[in-house]
Amino acid sequence: MSARGVFVTFEGIEGSGKTTQARRLSARLLTKSVSHIVTREPGGTPLADQLRSILLAPREETVFPETELLLYQAARAQHVRGLLLPALEDGKAVLCDRFYDATFAYQAHARGLEAETVGMLNRFASGDLVPDLTLLFDLPPELGISRASRRGAADRIERESLDFHRAVRNGYLAIYKNDTSRIVLIDASAPEEEVFRKLQETVTERFGW
Ligand code: TMP
């Protein structure tokens, strides 16, 4: 039986470049023949991808924070059991674009839901799966939003106010301060190449990648 795979999550506000960096790391792992998958939340299985579409579609009807929280957790419950755990048990590394820290930053810090409730549901949905490493790509929300707006039509969350995105960033920074051994903070306002260099240094040191 192969050893359990390494679980790495990528976090940050909109436009932080985390998706690009995850793809770049994947390309590097391919050259090193490190068996891995790249996935994202919400999403990663057909049902979780449908929940993603529901969550991100702009709509007239108010989406209450409680509803939003439960939909993100439903997608996570499916993703963890349907894709993440089987891949990790198979010895594959998993690069995951967002995981439960996003729920603390968005639904607790920015939407204002109780951190305790969010934490309890995070543990329930993730089945106590904890990332081995979380890369937090940090940058001012003004910069992130302007980068994200170049990608085309904004989704329901990207349309939120600058204050909302500031709260998300502060939420992430608070989570980081509480867990500096699991989470590595990366200055994402630096050029893409420099950001990737820092990422590479970190994963080489931790996992020999
Ligand atoms: P993405 O566009 O970076 O893939 O993320 C999807 C959006 O969903 C992004 O705006 C962040 C948000 N989100 C939450 O609000 N809570 C969560 O638990 C997750 C995983 C994402």
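This note sets out numbered points on the ligand site, the pockets and the backbone of a predicted model.

1. Basis of the model. Local features in this predicted model need pLDDT of at least 70, and side-chain atom pairs count only at pLDDT 80 or more, whereas totals for chains, interfaces and linings use all residues. Residues are numbered from 1 along each chain as its sequence is written, and side-chain values use heavy atoms, with hydrogens and water left out.

2. Ligand shell. There are 14 residues around the ligand, and Glu14, Tyr72, Arg98, Thr103 and Gln107 come nearest; a residue is near a molecule if one of its heavy atoms lies within 4 Å of it. By class, this shell has 6 nonpolar, 2 polar and 6 charged residues. Here Ala, Val, Leu, Ile, Met, Phe, Trp, Tyr, Cys and Pro count as nonpolar, Asp, Glu, Lys and Arg as charged, and the others, Gly among them, as polar.

3. Elements around the ligand. Helices H2 (46-56), H3 (65-89) and H4 (100-110) each supply at least two shell residues. The largest share, 4 residues, comes from H4. Helices (H or I, at least four residues) and strands (E, at least two) are DSSP runs, numbered from the N terminus.

4. A ligand oxygen atom is 2.9 Å from an N or O atom in the side chain of Arg52. For the side chain of Tyr72, the distance from an N or O atom to an oxygen atom of the ligand is 2.8 Å. A nitrogen atom of the ligand is 2.8 Å from an N or O atom in the side chain of Gln107. The protein covers 95% of the 480 Å² of accessible area that the ligand has on its own (Shrake-Rupley method with a 1.4 Å probe).

5. Largest pocket. The ligand takes the space of the largest pocket, which has a volume of about 800 Å³. A pocket is an open set of points on a 1 Å grid over the protein atoms alone, where a 1.4 Å probe fits, with protein on both sides within 12 Å along at least five of seven lines; lining residues have an atom within 4 Å of a point. A molecule sits in a pocket if more than half of its atoms lie within 2 Å of its grid points. A volume is the space filled by probe spheres set on the points.

6. Lining of the largest pocket. Of its 36 lining residues, Lys18, Thr19, Arg52, Arg98 and Arg151 lie nearest the centre. The largest share, 6 residues, comes from H1. The lining divides into 13 nonpolar, 10 polar and 13 charged residues.

7. Second largest pocket. This pocket has a volume of about 220 Å³. Its lining has 15 residues, of which Tyr100, Asp101, Phe104, Asn122 and Arg182 lie nearest its centre. H4, helix H5 (115-126) and helix H7 (162-178) give two or more residues to that lining.

8. Backbone. A cis peptide bond, with omega about -10 degrees, joins Glu41 and Pro42, and Pro42 is in the loop between S2 and H2. Ser33, in the loop between H1 and S2, has a positive phi of about 55 degrees although it is not a glycine. Most residues other than glycine have a negative phi, and most peptide bonds are trans.

How values were computed:
A polar contact is a pair of N or O atoms within 3.5 Å; within protein, one must be able to donate a hydrogen and the other to accept it, and residues adjacent in sequence count only if both atoms are side-chain atoms.
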